[in-house]
Amino acid sequence: MENQSGTGVESGEGSVAEQVNSKQYWDGRFRGDWEKKGGPAQTIFFCKVALNNSPSWLFDDIRERKLSICDWGCALGDAVEVLSEYFVESDVSGYDFSGIAIEQAAKQYPNRRFSSTPFEKSSSIIFSSNVLEHFVSPQIILDRISKISSDYIWLLLPFQDYTDLSEHFFVFDYNTIPPIVGRDFYLSYIKIVDTSSIPNTWWSGQQVLLVYAKDRVLERVSALVAESGQKDEFTLVGHTLAANVGRLATLTLEHLAVQREMQDLGKRLADAKPKVAADFATVPQPQEIALEDVDIHPTSHDEDPASPGEDPDSELDEALAVADLPDPAGSLAQPSIAADTQPPEPAAIPVAMENVEDPTRKRHTLLHKSELFRLQGELDATRSALSRTRDMERNLAETQQKFYDFYRSSQRGQTQSPSWTPEEPLRNSFSVLGENDTKGVGEDLGTDNRLLNRLKAMCALVNSGMRRGLFVITSAFEFSPEYNQRPIALAKEAAAAGYFVVFVAWQWGRNEDLAKRGMLIGATLLQIGRFDLEDLLDTVRSTGGVGEGEFMLTIPSDDFVERIADFRSLGFRVTYDILDDWEEFKSVGQAVWWSEELERQALAGADRVTVVSPRLKDKFDAIRPDIRWVANGLRGVEPRDRFVSKRSLNADKRAIVGYFGHLTDSWFDWRGIIALAKVSSALEFRLIGYGEPDWVRTEAAKLDNVTLVGFVPADRLAEHVADWHVAIIPFVPSKLSEAVDPIKIYEYLYFGLPVIASGMPHLADYPETTVVADWAAARPAIEAAIERLVAGDLNYDVMAEFASMSTWRRRFLDWVA
């Protein structure tokens with residue numbers, strides 16, 4: 001039994017657990033009987049068990065990218081030495097909260113790095129062997145570990161250990177293995193190892209080997225599995241568990257967050273009520289009004305003016321009742337309402353008196369403009385979201401048990417019959433989806449059996465009830481999870497919500513090769529090409545595997561639009577999601593496939609239409625008045641990165657102005673930015689991205705306050721933003737830019753940056769955002785933002801609320817509602 005490792009004792013643990021999880025206890029063990037009881041030999045034994053039973057794709061990735069590894073809970077460092085010899089080009093380090101252990105490890109292995117305090121820089125992989133069972137709540141510890149790993153979490157743990165060992169406080173079993181760790185580490189490999197049969201064993205039971213992959217490397221895992229040439233049932237089942245059972249864990253976290261939000265709203269409602277009462281008290285009581293002072297309008301109402309001398313508090317209570325504003329305590333006592341409930345509409349307000357100040361009307365106005373009324377709307381919307389997730393959770397409970405039983409039955413040597421056994425077609429589906437991709441570079445899959453079989457297999461999963469339905473979405477580019485693009489984000493959310501996603505990537509012609517065509521990503525998303533749609537439709541017709549079918553059209557080209565009727569006839573709900581002003585794109589030589597007739601067909605044929613910006617809604621409102629604006633969203637940013645940006649000036653008094661995104665001069669206002677930089681020596685511009693033209697690189701090289709940083713991966717942006725004071729979105733004003741809702745603004749605000757933008761008027765309604773017309777003269781706006789930042793006047797509460805309401809998860813739930 002190896003030592004636990006250092007994050008301290010969790011509150012709520014019993015006294016025995018507190019003692020075992022203390023530095024004093026483990027310092028004593030390492031000074032005393034650790035070596036006598038074979039501690040170093042145990043460490044080496046378990047490390048070799050992990051190495052002998054881990055997937056080859058993990059080792060391929062470690063060696064190919066030279067990934068760093070940290071042994072979390074390293075004891076005397078013996079596993080660090082073994083791992084260093086196994087991965088000679090990787091930086092392998094050891095961490096343990098026991099200073100005594102680290103002191104001895106450093107003496108034993110002087111060429112290795114050890115620390116009793118967490119390393120400042122995260123590691124690519126956190127390895128931990130036989131540590132987490134020492135905690136009462138290992139999920140809390142895993143969440144912390146997830147914040148210091150960038151790619152994988154690699155664990156070896158006792159499995160079904162019901163022996164009541166004095167130092168063990170948690171049992172890992174089929175139903176206690178978490179499918180998701182932190183926010184974005186997914187179980188990607190799971191294998192049970194019978195260590196009792198190993199010669200000279202140090203464990204007479206079973207161990208479970210788990211590998212969690214961060215969402216941004218899941219696609220890489222799929223590719224590595226394909227390249228390894230192995231049929232890997234353990235990786236397949238791990239992905240399936242993560243994709244299906246993981247939804248339940250996610251929903252549970254959402255429930256807790258929504259419940260906390262409801263409690264906060266209830267408190268704010270209670271705090272807001274006295275303010276409304278005080279405002280009411282300032283309004284004079286209604287007086288008799290001469291008829292000649294009143295304008296008569298055709299609008300009538302049935303409300304009688306309040307009686308003279310009426311108690312203001314009574315009028316407030318009556319107004320609250322009219323507006324359907326319950327007592328805050330009562331609101332929280334009834335947390336569930338109908339899913340289609342909308343925030344209350346303002347009660348009818350008398351409008352017949354224009355020339356006099358009507359107290360009744362004024363009080364209604366005060367009420368409906370008050371914080372109380374706004375909070376009630378938020379509370380109702382929150383209840384609605386909670387109701388929707390509860391419905392999903394009920395449907396998932398049975399599926400969760402089915403998957404654990406299926407996994408249990410798939411283990412080698414399993415003798416006990418599971419309570420549920422997949423029928424043959426479903427077993428075949430798992431087998432088909434687990435087949436390796438053997439497509440070579442440049443090789444065309446055509447309509448070969450493998451792709452068709454995968455289409456049939458996904459329909460079988462939907463028919464079995466293990467996936468909620470088929471979610472088909474078109475895209476202008478192939479699926480890459482690290483890219484924060486709207487179709488990719490919605491596809492990931494759909495997979496997390498229980499759909500099997502078919503990601504249809506654009507092709508200019510049938511002979512155009514797609515690198516990922518036919519590739520299965522995470523066992524929940526299959527990428528096909530534009531010209532595979534007919535095969536998809538034929539498969540659905542023959543199998544009926546639609547479930548809650550959704551077809552999201554994002555490109556109104558002829559072959560996509562012409563299939564709207566086919567999808568609808570098969571039971572799909574069709575949404576036309578308008579991402580850009582395609583007409584304007586065609587006017588500048590792009591989107592050559594666009595035609596007004598096709599777009600009108602899409603608008604008329606879809607069950608519903610959504611747009612990314614208000615200008616697009618205005619443009620098509622006359623054709624489809626029911627269009628909904630669903631803005632872009634915030635990707636899964638690390639909680640530690642919230643408000644990470646600078647709040648004070650640098651020693652040289654220079655402020656850093658930053659940008660990340662594409663740098664083409666087709667829409668980036670390079671001339672304005674260069675002109676601004678030339679007259680703003682106190683501002684330093686750091687521009688992250690690619691696509692800038694040659695003339696820009698030439699001009700930027702002449703300026704000491706302009707830095708072209710180049711491409712930076714999305715998960716590394718926060719490291720750069722930490723030095724920034726202001727963010728910019730300098731788009732050239734045009735009809736094209738007016739139709740854009742830039743995804744980057746959500747990240748800017750999450751990082752705590754005030755934003756200066758151009759070309760997108762609707763951004764003026766976003767918090768701490770200023771829209772300017774001319775970048776050459778934008779310095780006053782930037783300086784004003786910096787002044788507010790340094791003075792501490794930015795409204796971070798509003799920025800935080802905006803970010804929390806703008807996640808892709810929120811957008812998706814709103815979209816499917």
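Modeller: A search of the whole structure finds 35 aromatic pairs. The model is predicted, so local features need pLDDT of at least 70 and side-chain atom pairs count only at 80 or more, whereas totals for chains, interfaces and linings use all residues. Residues are numbered from 1 along each chain as its sequence is written, and side-chain values use heavy atoms, with hydrogens and water left out.

Biologist: What makes Tyr-746 and Tyr-766 an aromatic pair, and why is the pair called tilted?

Modeller: Their ring centres are 5.9 Å apart and their planes make 50 degrees. Rings of Phe, Tyr and Trp (its six-membered ring) pair if their centres lie within 6.5 Å, and planes under 30 degrees apart are stacked, over 60 edge-to-face and the rest tilted. The two tyrosines therefore form a pair, and the pair is tilted.

Biologist: Where in the chain do the two partners lie?

Modeller: Tyr-746 belongs to helix α27 (residues 744-750), and Tyr-766 to the loop between β21 (755-758) and β22 (769-771). They are 20 residues apart, and the pair links distant parts of the chain. Helices (H or I, at least four residues) and strands (E, at least two) are DSSP runs numbered from the N terminus; the protein has 30 helices and 22 strands.

Biologist: How do you know whether Tyr-746 and Tyr-766 are buried or exposed?

Modeller: Tyr-746 has a relative accessible area of 1%, and Tyr-766 one of 8%. Buried means under 20%, exposed over 50% and partly exposed in between (1.4 Å probe, protein chains only), so Tyr-746 is buried and Tyr-766 is buried as well. Of the 817 residues of the protein, 54% count as buried.

Biologist: Which residues do ring pairs link into a cluster?

Modeller: The cluster consists of Trp-506, Trp-508, Phe-560, Trp-582, Phe-585 and Trp-593.

Biologist: Why are α16 and α30 called roughly perpendicular?

Modeller: Helix α16 (residues 486-496) and helix α30 (residues 808-816) pack at about 75 degrees, with axes 10 Å apart. Angles of 65 to 115 degrees count as roughly perpendicular, under 35 as roughly parallel, over 145 as roughly antiparallel and the rest as oblique. The two helices are therefore roughly perpendicular to each other. In the contact (heavy atoms within 4.5 Å), Arg-486, Ala-489, Leu-490, Glu-493, Ala-494 and Ala-496 of α16 meet Trp-808, Arg-809 and Phe-812 of α30.

Biologist: Why is Glu-738 classed as partly exposed, and what does Glu-738 touch?

Modeller: Glu-738 has a relative accessible area of 30%, and is therefore partly exposed. Glu-738 lies in helix α26 (residues 735-738). Residues up to four places away in sequence aside, Glu-738 touches Ser-613, Arg-615, Gly-759, Pro-761 and His-762. Glu-738 and His-762 are 24 residues apart in sequence and 8.0 Å apart in space, C-alpha to C-alpha.

Biologist: What makes Val-540 buried, and which residues are in contact with Val-540?

Modeller: Val-540, in helix α17 (residues 533-543), counts as buried because its relative accessibility is 2%. Leaving aside neighbours within four places in sequence, Val-540 is in contact with Cys-459, Leu-470, Gly-545, Val-546, Leu-570 and Phe-572. The C-alpha atoms of Val-540 and Lys-456 are separated by 7.8 Å, although the two residues are 84 apart along the chain. Across the protein, among contacts between residues at least 6 apart in sequence, 75% join residues at least 24 apart.

Technical notes. Axes are lines fitted to C-alpha atoms, for helices over the stretch in contact, and angles run from 0 to 180 degrees between N-to-C directions.
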